[in-house]
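Student: Could you help me learn to read this structure, one feature at a time?
Tutor: Gladly; let us look together.

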Amino acid sequence: MQDSLATTIVEFDEDTGVGRITLNRPDALNALSGQLRDDIVESLRLLEDHNDDDEIALRAVVLEGAEGNFCAGADITEFEDSAAGASAARTHFEFISQFPVPVIAKIEGYCLGGGLETAMACDIRFADADARLGLPEVDLGLIPGAGGVQYISNLSNPAAASEIAMTGDHISAARADELGLVNRVPDDLEATTQEFAETIASKPPLAIQAIKDSAQTAAQTTLEEGIAYDNKLFEPLLATEDHKEGARAFAEDDYEPEFNGR
Ligand code: COA
């Protein structure tokens, strides 16, 4: 399936269960206009519809930008309506982080401001060696409006977040990797991202969803609270068909498991 919205392209591969959303405003380096923020949410909804089908359901999403850039941040030409913009901006971040399947950011070129915040709302980030990441809002007299400093503090540390947000400098993918802002800087970004998405898509979906939930909770709780939370996630998984399927595959050497999300 392929669908074009005003500012995104949405694809779903029925063989693998992998969806792909391409931010498609290349003339503005895929800057986040109100329309683009709405279209990201709508694109996720379109992909989520596949979960209602009996055929292959959506199991992983790749989020990327058209024509060699991920996203140059909030659309500066729409800044007059800043209060409305900030609250609207939060919606697509929340939608990504609460989306029931993992979202993988494939980062090429510029990944700045709200673009970096969008990537950090995703579960996994892979970056091209030439990508440039940063939070340039300080030069507009602002702070990152959708949690950029908080995200970097959680993924790395508050000092790294302060350095990046206070200078507004662009950092390299290698530096972002050192700081833990991206998972990997692979030699072949497209092949690695696709292969990773397909791997995740082949795993038991309820366990993957619980891991997403757990990883997000870890950033917000003490270790003790987090472990208690994981215990609650763990118990219901014991009763799933996929747990039995996985156990059977472990017991029978040549049995290839097929996980159905139940
Ligand atoms: N909002 C709206 N339009 C943007 C944009 C943004 N955040 N970032 C880039 N664009 C537009 C430019 O206005 C330009 O449009 P034009 O061709 O109609 O003039 C086009 O995208 C290409 O950008 P340009 O600045 O010419 O490319 P560059 O390679 O010289 O510089 C950047 C690239 C990313 C360094 C530069 O565009 C930039 O600093 N953008 C703003 C980044 C930012 O501050 N984001 C956070 C906003 S809170």
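Tutor: A residue counts as near a molecule if one of its heavy atoms lies within 4 Å of it. Before we use that, note that this is a predicted model, in which local features need pLDDT of at least 70 and side-chain atom pairs count only at pLDDT 80 or more, while totals for chains, interfaces and linings use all residues. Residues are numbered from 1 along each chain as its sequence is written, and side-chain values use heavy atoms, with hydrogens and water left out.

Student: Which residues come nearest to the ligand?
Tutor: There are 15 residues around the ligand, and D27, A72, A74, D75 and I76 come nearest. By class, this shell has 11 nonpolar, 1 polar and 3 charged residues. Here Ala, Val, Leu, Ile, Met, Phe, Trp, Tyr, Cys and Pro count as nonpolar, Asp, Glu, Lys and Arg as charged, and the others, Gly among them, as polar.

Student: Which polar backbone atoms lie 2.9 Å from a nitrogen atom of the ligand?
Tutor: For a polar contact, look for a pair of N or O atoms within 3.5 Å. A ligand nitrogen is 2.9 Å from a polar backbone atom of A74, and a ligand nitrogen is also 2.9 Å from one of I76. At D27, a polar backbone atom lies 3.3 Å from a ligand oxygen.

Student: And how is the chain divided into domains?
Tutor: Such bounds come from an automatic or database domain assignment. Here it gives domain 1 (2-201) and domain 2 (205-251). Their C-alpha centres lie 25 Å apart.

Student: How many residues of domain 1 are in contact with domain 2?
Tutor: Contact means heavy atoms within 4.5 Å. By that rule, 11 residues of domain 1 touch 6 residues of domain 2.

Student: What salt bridge is found across the interface of domain 1 and domain 2?
Tutor: The rule asks for a side-chain nitrogen of Lys or Arg within 4 Å of a carboxyl oxygen of Asp or Glu. It finds 1 salt bridge across this interface. The side chains of D123 and K212 meet in a salt bridge, at 3.0 Å from N to O. On the side of domain 1 that touches domain 2, the residues are 7 nonpolar, 2 polar and 2 charged.

How values were computed
A polar contact is a pair of N or O atoms within 3.5 Å; within protein, one must be able to donate a hydrogen and the other to accept it, and residues adjacent in sequence count only if both atoms are side-chain atoms.
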